[in-house]
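Here are a few friendly notes to read alongside the model. Take them in order, with the structure open beside you.

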Amino acid sequence: MAQHTDLAALVENSPDNEWVRDAACGDLGLEKLDMFFVEAGRTLSKEVVAMCGDCPVRVECLAHAQFRELAGGYFGGVSPSKRRKLVSDVAHGSGESAAASERE
Ligand code: SF4
C-alpha cells in the first residue's frame with residue numbers, strides 16, 4: 001500500500017470522497033490532522049474552529065462522519081458529543097440542525 005504524506009495525496013486514492021479536494025484542511029500534512037482529534041474535556045484550537053467554520057465542504061464532512069459513525073474527531077465543525085446528541089435527538093424525534101446544535 002502506498003504511503004500518503006498529505007491529505008491531497010490520500011484523496012487521489014479515495015475516489016469516493018472527492019469532496020475532500022475542496023476541504024479547507026486539504027493542504028495540511030497528515031501529521032497535522034491530529035489537531036481535529038482532542039481528548040474529551042479539551043478545547044480545540046481556534047485555528048481548527050475557524051478552518052471548519054469557513055470550509056466549503058462542511059456539510060459533506062459532517063455527513064461523512066455521521067455515515068461512517070466516526071466516534072472521535074471534529075468533523076464538519078461539530079464535535080463528537082454534539083454528533084451523538086444529534087443522532088439521539090433524531091432517533092427521538094427532536095432533531096435540529098447541526099449548526100444550531102453546535103451554537104449552544
Ligand atoms: S469541515 Fe473541517 S475537518 Fe471537515 S473538511 Fe472542512 S476543514 Fe476539514
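**Notes on the structure**

1. The largest nonpolar core is made of eight residues: A23, C52, V57, C61, L62, Y74, F75 and V78. Please keep in mind as you read that this is a predicted model.

2. Leaving aside residues up to four places away in sequence, Y74 touches F36, L44, V48, C52 and S79. C52 is also one of the eight core residues.

3. Next, the ligand. Which residues are the closest to the ligand? They are A23, C25, C52, C55 and C61, out of 13 residues that surround the ligand. A23, C52 and C61 also belong to the largest nonpolar core.

4. Stepping back to the whole fold, you will find five helices and zero strands. Read from the N terminus, the order of elements is α-α-α-α-α. The protein has 104 residues, of which 13% count as buried. If you look at contacts between residues at least 6 apart in sequence, 37% of them join residues at least 24 apart.

5. V20 sits in the loop between α1 (7-12) and α2. Along the chain V20 is 40 residues from E60, and the C-alpha atoms of the two are separated by 8.6 Å.

6. E69 is worth a visit too, in the loop between α3 and α4 (80-91). Its phi is near 55 degrees, a positive value in a residue other than glycine. Why does E69 count as exposed? E69 is exposed because it has 8 other C-beta atoms within 10 Å, and the limit for that label is 12 or fewer.

7. Finally, α4 has twelve residues, and the distance from its first C-alpha to its last is 17 Å, close to the 16 Å expected at 1.5 Å a residue. After α4 comes G93, which has a positive phi near 75 degrees.

Definitions and conventions. Residues are numbered from 1 along each chain as its sequence is written. This is a predicted model: local features need pLDDT of at least 70, side-chain atom pairs count only at pLDDT 80 or more; totals for chains, interfaces and linings use all residues. A residue is near a molecule or strand if its C-beta atom, placed from the backbone, lies within 6 Å of it. A nonpolar core is a set of buried Ala, Val, Leu, Ile, Met, Phe, Trp, Tyr and Cys residues joined through C-beta atoms within 7 Å. A residue is buried if 20 or more other C-beta atoms lie within 10 Å of its own, exposed if 12 or fewer, and partly exposed in between; C-beta atoms are placed from the backbone. Two residues are in contact if their C-beta atoms, placed from the backbone, lie within 7 Å. Helices (H or I, at least four residues) and strands (E, at least two) are DSSP runs, numbered from the N terminus. The expected span of a helix is 1.5 Å times one less than its number of residues.
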